[in-house]
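Thanks for making the time today. I would like to walk you through one model, starting with a pocket and its ligand and then turning to a few points in the backbone.

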Amino acid sequence: MNFVSKYCKIASCLSLIVLLLNCENKDSKKSDSNVSDFNQIEAKIDSIIPLLTLEEKVAMCHAQSKFSTKGVERLGIPEIWMADGPHGVRAEVSWDDWAYAGWTNDSITAFPALTCLASTFNPELANKYGFSLGEEARYRKKDIILGPGVNIYRTPMNGRNFEYMGEDPFLTSTMVVPYVKGLQSTGVAACIKHFALNNQERWRDKVDVYVSDRALHEIYLPAFKAVVTEADVWAIMGAYNKFRGQYTTHHELLTKKILKGDWEYDGVVVSDWSSAHTTDEAAYFGLDLEMGTGTDGLGLTTANHYSQYYLATPFLEKLKSGEIPESVVDEKVRRILRLMYRTNMSENRPVGRANTKAHQDVARKIATEGIVLLKNDNNFFPIEDKKELTIAVIGENATRSMTAGGGSSELKPKFEISPLQGLQERYKNATITHALGYHSGKSIYDEIVPSTYNADSLKLEAIQVAKEADIVLFVGGLTKSHLQDCEGDDRRQYKLPFGQEELLSAVKAVNKKVGFVLVTGNAVEMEWLNQVDGVIQTWYLGSMAGHAIADVISGDVNPSGKLPFSFPKKLEDNAAMSFGETSYPGVDMKQEYKEDILVGYRWHDTKNIESQYAFGYGMSYTYFKFDNVSVDKESYIKDEKIKISCQVSNTGNREGAEVVQIYIGKSDSKVKRALKELKGFSKVNLEQGKSETIEVSIDVNKLAFYDESISDWNLEKGDYNIYVGNASNNIFETLKINIK
Ligand code: BGC
């Protein structure tokens, strides 16, 4: 069936549902923000469920196409339409396979990758991101956006790190909650993913993860818990991998007990595409909606169709025979209808819009705030636009599209400003020259097609261009291709690929002034660091990439981004990698997270292993001074708030923003602890010469550790250290408090 007729069907369904439901809904608000609204919706669902046949109920629990589920036409219950996620609304995909449908009206705004959003340390921007994306999703008639992803950055090898928000559970939680609230305020459900422990792409569909309960609760679950309990997220996607021998998409502990039991999650659990594995587990352990294509495990064939899904005919048969009680399907249908009342059956759904100036401004603002200035010797940046200056822009990433590739987060933006274009448009007086320098080839799905360019000629050309310029901007890093920053598999090397280091040395030999524009979603080895005067980490910035990069390089915007994960000097300095294969990527499809709770900077700090660039680090073009750091009391009890304040002054010569970061640690703990953990932060923007006192409030209960002996959080009494700094490795004041 083609999409046009499908949409006609949806339209007729929608009018039917309005007719059917309007009689009882006339003056009720559909928002479930208060109990009475929620109860009204539940009452409606109570009245609908008995009207449905068993076949209709089961049909609602699995896909009817690659990205949609069946409604119940005779009752006017609409279909549900989904799209990836999470950096913009993905182009339309064919009904039955992964090919793009070739529409001409599905191009959108590409927002920066989530690593960039995390680097802003600005929750307000996360809210604007979610809201703008939601409006674009509404415009494209989507009910669920498949994202954002909140899996923790455990190793720089993970091909999908660029889609997540870094290595710290507090930062991830703080950023994802406003994102989801913003998105859902447009009447589109967020589908937080991938629940849980999908921290690598290599063998993602089979690897069996073993991790302690403590690390599970302290590191890997907090962001999921925050979106459930603080943002009321309406959908959650299961992951492909196993945990302790059982697939996570229908997991007795994760999905049934923790998510739906302990956290009282009332939304829908959606499978990842073909991540369901048995009918019984799907039925009983919490999966509500099965998505994918084919039933061959990886979802690559279209031969075995949707009716063969675990939650399709096999489920129906077990329900009919009484082997599975009808209450099991009713519970799933209830959740699905609840999601519909929040989205496509809500009367108060705002309208959608796409590619607006407002969305582009949000994308640009996030991109500029997320760029991290890592190195700036001799004030290499900012670079003034003046007549007698020639800037050589060298490197493939100056012109390569970074919204194409990467896997399911790939986008079809209406436009994408490349770094070269952004610089050319900004620098009106200086001369900008360009050479490709190297070429990475192409990847088609999981195959790499080598470059057809002659590498020597590219290098010679770049050397010539560099020689004739006053300064060089080397725009390199990774790509969004297979084995780079890309879904489906992991990186195989920590070093920069495609001969970039050699090229950089050759360029440096002819031009002393080189700055690196590092376009990646991941940490890379930086043995080349002494070859360059300046480095900016730009991530993948979406539609407005080139403008944002030019904003920062020119100094129109003062950089204020902070790293959301550590850049280890050597790969073995990373916690997961230091334990060898058992820990990453696993042996015989089994994997043990041996570093336990010591992920990222927790490992570097506690083991005293210096990173190249630390979590929370990022420079500015101005200077800040920190005074009067204080805490409101010396001792606290459970449920109280610790209030830390600090005066921040901008002592440099331009406006800028700084992030004050509060870490807390306990030295004489009875259990293993990280030296310190991020528990609060505050970003402040100050004009030149101005000061402001910031206050950060931290709930004492957040200092508890997960105590495996009682399977609960335990707030240890005694002394704690409060570390106040502007990076995890730059603490300017340590205060002591006591918990009674
Ligand atoms: C990815 C999901 C994505 C889904 C649909 C899966 O392969 O893991 O994140 O939402 O495909 O494209």
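How many nonpolar, polar and charged residues does the lining of the largest pocket have, when we sort that lining by class? The lining has 15 nonpolar residues and 15 polar ones, together with 20 charged residues. Before I go further, please keep in mind that what you see on the screen is a predicted model, and that the values I quote are computed from it.

Let me stay with this pocket for a moment. The largest pocket holds about 1,300 Å³ of space, and of the 50 residues that line it, those closest to its centre are Arg-204, Gly-407, Tyr-445, Glu-487 and Gly-488. If we ask which elements give two or more residues to this lining, they are strand E4, covering 189-195, and strand E13, covering 442-444; of the elements, E13 gives the most, with three residues.

An N or O atom in the side chain of Asp-84 lies 2.5 Å from an oxygen atom of the ligand, while for the side chain of His-194 the corresponding distance to a ligand oxygen is 2.7 Å, and for that of Glu-487 it is 2.9 Å. As for how much of the ligand is covered, it exposes 310 Å² when taken alone, and the protein buries 98% of that area.

The peptide bond from Gly-85 to Pro-86 is cis, with omega near -15°, and Pro-86 is found in the loop between strand E2 (80-84) and helix H4 (114-119). A cis peptide bond also joins Gly-147 and Pro-148, where omega is about 0°, and Pro-148 has its place in the loop between strand E3 (144-146) and helix H6 (169-184). Leu-197, although it is not a glycine, has a positive phi of about 70°, and this leucine is found in the loop between E4 and strand E5 (208-210).

Note on methods
Residues numbered from 1 in each chain as written. Predicted model: local features only at pLDDT ≥ 70, side-chain atom pairs only at ≥ 80, totals over all residues. Heavy atoms only, no water. Polar contact = N/O pair within 3.5 Å; in protein donor to acceptor, adjacent residues only side chain to side chain. Areas by Shrake-Rupley, 256 points an atom, 1.4 Å probe, with all protein chains shown as cover. 1 Å grid on protein atoms, 1.4 Å probe; cavity = no way out; pocket = protein on both sides within 12 Å on 5 of 7 lines; lining within 4 Å. Points joined across faces, edges and corners; volume = space filled by probe spheres on them. Helix = DSSP H or I, 4+ residues; strand = E, 2+ residues; numbered from the N terminus. Nonpolar A, V, L, I, M, F, W, Y, C, P; charged D, E, K, R; others polar.
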